[in-house]
Amino acid sequence: MPYFVLHLSAPWRLRRDPSHRRRLARLWPALGLLLLATLPLDAQSLTRIQVSDPVPPYIIDVNLRQLPRVPQWRPGDPVREVPRWQDPSRRPSPPGREQPDPLAAQQLAAPTLGEPTFATTPLNFDGQDYTGRNPPDPIGAVGPNHYLQAVNSSTTSLVVYDKHSGDQVAGPFALSSFAVCSGGGDPIILFDTLSQRWIVAEFGTANSFCMLVSQTDDPVGNPNQTWFAYNFETPNKPDYFKIGIWGDAYYVGTNESGGSPVYALERDAMLQGAPARMIRMEAPDLSGFPFQLLMPAGVEGAAAPPGNTPGLFMRHNDGQAHGGGIDQLEIFEFHADFDTPQNSSLVGPIAIPMSEFSSDLCGFETLACIDQPLSTVRLDPIREPLMNRLVYRNFGTHEAIIGNFTVDVDGTDRAGIRWFELRRSGQTPWQLHQEGTYTAADRNHRWMGSLAFDGAGNIALGFNEVGPATFPSLAYSGRLAGDPLGTLPRGQHSLVDGSAPNISNRYGDYSSMSVDPEDDCTFWYTGQYNRDERWSTRIGTFRFESCGCASPTPQDVTAAPTGNDNEILVSWLPVADSSGYDVYRALGPCGSAGYQRIAKNVQDPFFLDPSPSSRVTYSYTVISRDATLMCPSPPSTCISAETTGACTIAPTQSEPPTAFTPGRFTCQVDLTWQPAVAVCDVPIHYSVYRGTHPDFTPAEGRLVAACLTETEYSDIDFPRDIPYYYKVFAEDAQSGGDGPCNSGNIAGFAPSLSIQPRALDPAFYDDLEAGPANFATSSDLPDAGWLLQSETTASGDAAWFAANPAFSSEQTLTQTATPIPDQEGIILRFQLYFFTDRAFDGLVLEYSLNQGRQWFDILAGDTTTIPENANRFLANGYPVRISSLADSALAGRWAWSGTNFGFNEVLVDLNDFRGQTAQFRWRLVTDSTTEQRGVYLDNFALTTPKRCGCIFPESWPRDSVLGFIPCLNQLP
């Protein structure tokens, strides 16, 4: 093929086929689109086939080491919040069912099985840091010698690492510095194990995606690497596009308006650097999700799918969210025929029924759901797509696919991960082999998962985690191929712990797990976490020790007390050629969780356990190792035993307490904690200690409550206006310990919790229990408007309600004119529950400074006294802009629209109103379409901060004590 060469400044040059140098993939309707066929319509064949003109590549020679580095973002540099694109025409479903996930209990009951190597990370280092873009979309892949990571930046920022050391080889550099079709954002990094090529992609210019294919497995170049760069144009922006590597094509799914499009790219041509075509087809949308994606399956490992296997796309279908029916996976088979494109077809959906799951995480549309410690910012749950990646492996005896998506694990909007494995052999249909919901016995969210198979069929799942005492972090879990189906029993392990909440709710939108093609055993995982209020990324490796091993398992394991108190002898038959044995123990009978290794490299086929507590059943399992000490056997059959003597095991208490300052007008800290787990069958009591430092020592002078039988306590006495730290200790009633209540055993782990006691002074407060005296109502409805009712309230027996009819209306609730105190920190607060026709009906808050003659939106200025302030909402502000198509006076304005699924407190900063006399009104406006429930309002207040305890100046005690006399008797 002839090329011309355009010489550019080092380190790269560009070549193009001259016959195509004047155009770049002009695809859609008036620009070269061919509508090739309309197939007969049946229940599963989807008909419209669109084929692009051949897209010629740019041929780029580049040495990535020599590209200019992207400057590190610094405070004060631009920050861009990238909105998640959603199709406003896709209408949300009503609130979902609120019930526990039926598979969560299966995971919670699974025994935790030891796997020491899996729990360690040979490489664990920070990847790219904050670039000024939210979200980062961290993604990476591993090849024979390198690991590539990409994140969102002004375009896409890439770094190449040496996979053996973790050292940077090249970057960070902008993809746009050498990829001439680069447009920026939603990066993709893949290593094509079938061809030993790298795939790098991101948005292209205009409506397109830019995809680069390396010519060898060395991404850097020695001296240069050649990349084939293709710009595939699409009829709409290909939002959140994902790529699957397959034998006959590269398959792509995107989130676009209208239907759910899928694409097949001419892989054979792209690997040769020849012009390549793209076939586009479209599946029907699911109702309920404004964000839709069919995730393509992609090959992991060296074995391709059997010949003529169609490309596979999948999504999950929640019957509650998507119009009824059973919960299921849906498969679409894309038969791409590049020889005769009109013979291509997209067949589906092929339903795979699953156990019930709920995609209702704070509803089906909000991007703010997952709560963080010390922050009012809630993170995006990313409930809509299957998560990156949908992984395919051909094991020879069978084919398998694994994937995951986010679900509500307990009906309280707590996120967990539903994962699944499909299998088939020969020409049999795909069947559900196993499914599970990953969660733990805590209150943490787990979401944004990514998982993969190793060559032995073991599975690792990486994910983000956040909870009441856990800042956004990264963790992983997994299973061996022979573990009980539907469980990830190999423990949860931290990749990196966060130390601050994230400042933006745009968190994600995906992470990335891949498997080293060199050993087919080592997992590489990358995702984001928080060192501070802005995201950072992490890269780590781990593997199962038994991957690739076949050591014999010890047989005939026995365990029995020796006759001495607190002593058990474990024995087994010798294993031929074993170099040693490891013994594991768990509390409880066989099947219990929490196996720990208690002996390593035992040479004899027996072990005397000298440390068991009596009155407790223990279970044991044993592994052997081969002569290399590298390969452990699978664990032996479990055996259990119990001995006699005194119970010496203290209760366990692994979670810190949680704290809340609920008192609107009183200083109060409400503490709650998880019940301690007692091994001895005796009562548990709790003691609460309070200090002024996180590592304070519990002592009698710091004891604020003792011998509690409940798992909650309210603290109301605060000598000083400072943050306090709390520790809760559990104590059992077994004698012989040193506890303050019963001289019992004390739980040895009691992490502290910090909280600043807060309270409010009310300048105005009305809970409506005394009637409507402080409000006036108006309505253009003859028989409706705002009504005081008692059926649905935030508290007490009264709340305002206005219905949302299916015709045009306007209903206002106006508060009596109120003087605003001239005091820092003045806040308007009220409880709001809204359920309206999303984007067509909505509620707004307005103000007037002239007895109602002029009204302005709460975020707007009045052109004279009050400035415009888009940040006036401190919590639970307007979530939706009313559609310009609405037959409504609010068309185009922001409002409370859709549903928030229950009362939330709205906080409005009134510092701009200090010293004014203002009226506030709540205005519900509806158009002439869908009827919904309506709006509830309760508990109105104007408040300023109140100190909790005395304030001791930094100069104390050098200054005169006369000004501090009120505090003298309250010194701690």
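A residue is called buried when its relative accessible area is under 20%, exposed when this area is over 50%, and partly exposed in between (1.4 Å probe, protein chains only). By this definition Arg-506, at 5% relative accessibility, counts as buried. The structure is a predicted model, in which local features need pLDDT of at least 70 and side-chain atom pairs count only at pLDDT 80 or more, while totals for chains, interfaces and linings use all residues. Residues are numbered from 1 along each chain as its sequence is written, and side-chain values use heavy atoms, with hydrogens and water left out.

Salt bridges are described next. A salt bridge is a side-chain nitrogen of Lys or Arg within 4 Å of a carboxyl oxygen of Asp or Glu. Side chains of opposite charge can pair when their charged atoms come close. The count by this rule is 41 salt bridges. In one of them, Glu-300 pairs with Arg-389, and the closest N and O atoms are 2.4 Å apart. Glu-300 is in the loop between β22 (295-299) and β23 (311-317) and Arg-389 is in the loop between β25 (345-353) and β26, so the pair ties together parts that are 89 residues apart in sequence. Strands (E, at least two residues) are DSSP runs, numbered from the N terminus, as are helices (H or I, at least four residues). Glu-300 is buried, with 6% relative accessibility, and Arg-389 is buried as well, with 12%.

Arg-506 takes part in a salt bridge with Asp-380, where the closest N and O atoms are 3.5 Å apart. This pair links distant parts of the chain, since Asp-380 is in the loop between β25 and β26 and Arg-506 in the loop between β33 (493-496) and β34, 126 residues apart. Asp-380 has 0% relative accessibility and counts as buried.

Another salt bridge joins Arg-914 to Glu-824, with 2.7 Å between the closest N and O atoms. The loop between β63 (904-909) and β64 (917-926) holds Arg-914 and the loop between β56 (818-819) and β57 (827-835) holds Glu-824, so the pair ties together parts that are 90 residues apart in sequence. Arg-914 is partly exposed at 28% relative accessibility, whereas Glu-824 is exposed at 54%. Salt bridges with shared partners also join Glu-810, Glu-846, Asp-857, Arg-893, Arg-921 and Arg-923 into one network.

Strand β27 (residues 399-408) has ten of its ten residues buried, so it is largely enclosed by the rest of the structure. Glu-399, Ile-401, Gly-403, Phe-405 and Val-407 point one way from β27, and Ala-400, Ile-402, Asn-404, Thr-406 and Asp-408 point the other way. Two strands pair if DSSP finds at least two bridges between them. Strand β26 (residues 390-394) runs antiparallel to β27 and is joined to it by four bridges, with Asn-394 opposite Glu-399. The hairpin of β26 and β27 has four residues between the strands, and Gly-396 there takes a positive phi near 90°. Strand β28 (residues 415-424) is also antiparallel to β27, and ten bridges join the two. Six residues lie between β27 and β28 in their hairpin, and Gly-411 in the turn has a positive phi of about 80°.

An open sheet is formed by four strands in the order β8-β36-β35-β34, with antiparallel pairing. Its edge strands, each pairing on one side only, are β8 (124-129) and β34 (512-515). Within this sheet, eight bridges join β35 (residues 523-530) to β36 (residues 535-542), and the bridge partner of Asn-530 is Trp-535 in β36.

Aromatic rings were also examined. Rings of Phe, Tyr and Trp (its six-membered ring) pair if their centres lie within 6.5 Å; planes under 30 degrees apart count as stacked, over 60 as edge-to-face and the rest as tilted. The whole structure contains 52 aromatic pairs. The ring centres of Phe-178 and Trp-227 are 6.1 Å apart and the planes lie at 55°, so this pair is tilted. Both Phe-178 and Trp-227 are buried. For Phe-873 and Tyr-878 the centres are 4.8 Å apart and the planes lie at 70°, so the pair is edge-to-face. Phe-873 and Tyr-878 are both buried, and they belong to one aromatic cluster that includes Phe-775, Trp-800 and Phe-830.
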